[in-house]
Amino acid sequence: MMQKHDEALSRGFAAYGSAAHRIGSTTKKDWDDFAAYEAEINNVIGGTKLLVLCTYSLEKCGVVEILDVVKNTSLRWP
């Protein structure tokens with residue numbers, strides 16, 4: 001992702017955007033692993049010009065999972 005970010009900026013774009021769809025967790029461990037991964041992504045992209053959009057299936061996520069998403073959401077722009 002960082003390579004594409006750098007390439008987009010070098011080509012004159014203001015930022016690089018990426019989107020992903022998260023279908024839903026099958027087990028608590030799957031979700032916990034994914035939430036940790038998402039938190040780490042937020043640490044990596046801080047200070048960059050990346051716009052990352054992740055969508056989630058509300059039918060497959062409960063309140064706890066939605067709160068994890070909100071906790072890991074970063075709405076900052078350098």
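1. Glu7 is partly exposed, at 41% relative accessibility. The classes run as follows: buried is under 20% relative accessible area, exposed over 50%, partly exposed in between (1.4 Å probe, protein chains only). The model is predicted, so local features need pLDDT of at least 70 and side-chain atom pairs count only at pLDDT 80 or more, while totals for chains, interfaces and linings use all residues. Residues are numbered from 1 along each chain as its sequence is written, and side-chain values use heavy atoms, leaving out hydrogens and water.

2. Glu7 pairs with Arg11 in a salt bridge, with 3.9 Å between the closest N and O atoms. The cut-off is a side-chain nitrogen of Lys or Arg within 4 Å of a carboxyl oxygen of Asp or Glu. Arg11 is exposed, at 59% relative accessibility.

3. The whole structure holds 2 salt bridges. Lys29 and Asp33 form one of them, their closest N and O atoms 2.7 Å apart. Both residues sit in helix α2 (residues 28–45), 4 residues apart, about one turn of the helix. Helices here are DSSP runs (H or I, at least four residues), numbered from the N terminus. Lys29 counts as exposed because its relative accessibility is 55%. Asp33, at 42%, counts as partly exposed.

4. His5 belongs to helix α1 (residues 2–10). His5 is buried because its relative accessibility is 6%. Its side chain reaches the backbone nitrogen of Lys49 at 3.1 Å. Beyond neighbours within four places in sequence, His5 contacts (heavy atoms within 4.5 Å) Tyr16, Thr48, Lys49 and Leu50.

How values were computed:
Helices (H or I, at least four residues) and strands (E, at least two) are DSSP runs, numbered from the N terminus. A polar contact is a pair of N or O atoms within 3.5 Å; within protein, one must be able to donate a hydrogen and the other to accept it, and residues adjacent in sequence count only if both atoms are side-chain atoms.
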